[in-house]
Amino acid sequence: MGVSTVAKYRPKIATLLSLCESNYVLLSRLIAGKTNVGEQRTFSIAGNLGYKLEILETTRYTNFIEIQQISQFIRTDKSENNTLSKTINNALIPKMKIRLYHDARLAEVIATQGMRQIKPRYDYPNDKMHQPDEKQQMSMFLKEWLQICLRLGLADPNGHQAQK
């Protein structure tokens, strides 16, 4: 019998760049001119589901922003010291940090769910069980998230939670 070898995953750069371009356009629409550190926009999607965008850093050619899901249906423990409850809540509530490059008109996912410096390619299997195309999957997830905010979200221009 012959030994079969599995070809290494090669990132599809054109696909990843296309996602980053789309995400830049979507984020630019959602930010709506907010460029100062600390400024926020919130979007109510349903009674208990919303998203918050916050400007973390601003430079001449970039913005660093965070988007996270905000929801009331995640169960919380009355005890402030319940580490397991906090860990579960952090794992269940999606959060991403994105760098916007204004000169290139790209939005790159920098961190998500505690995962920093997402590589364009991972060997598989690996210790953390990241998918070979993890960065592309995170960019696609971000695109879908942003589209939901634009299609279904009620935005409050002052950054306060809008109500349906």
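Visitor: What makes Asn-23 and Val-109 contacts of Leu-142?

Guide: Contact means heavy atoms within 4.5 Å. Leaving aside neighbours within four places in sequence, Leu-142 meets that condition with Asn-23, Ile-67, Met-96, Ile-98 and Val-109. This is a predicted model, in which local features need pLDDT of at least 70 and side-chain atom pairs count only at pLDDT 80 or more, while totals for chains, interfaces and linings use all residues. Residues are numbered from 1 along each chain as its sequence is written, and side-chain values use heavy atoms, with hydrogens and water left out.

Visitor: Why is β1 described as largely enclosed?

Guide: Buried means under 20% relative accessible area (1.4 Å probe, protein chains only). In β1, 5 of the 7 residues are buried, so the strand is largely enclosed by the rest of the structure. For the protein chain, 38% of the 164 residues count as buried.

Visitor: How do you know that β1 and β2 pair?

Guide: Strands are DSSP runs (E, at least two residues), numbered from the N terminus. Two of them pair if DSSP finds at least two bridges between them. β1 and β2 have 6 bridges, in the antiparallel sense, and therefore count as paired. Leu-53 in β2 is the bridge partner of Arg-41, and a hairpin of 2 residues joins the strands β1 and β2.

How values were computed:
Buried < 20%, exposed > 50% of the residue type's maximum accessible area, 1.4 Å probe, protein only. Helix = DSSP H or I, 4+ residues; strand = E, 2+ residues; numbered from the N terminus.
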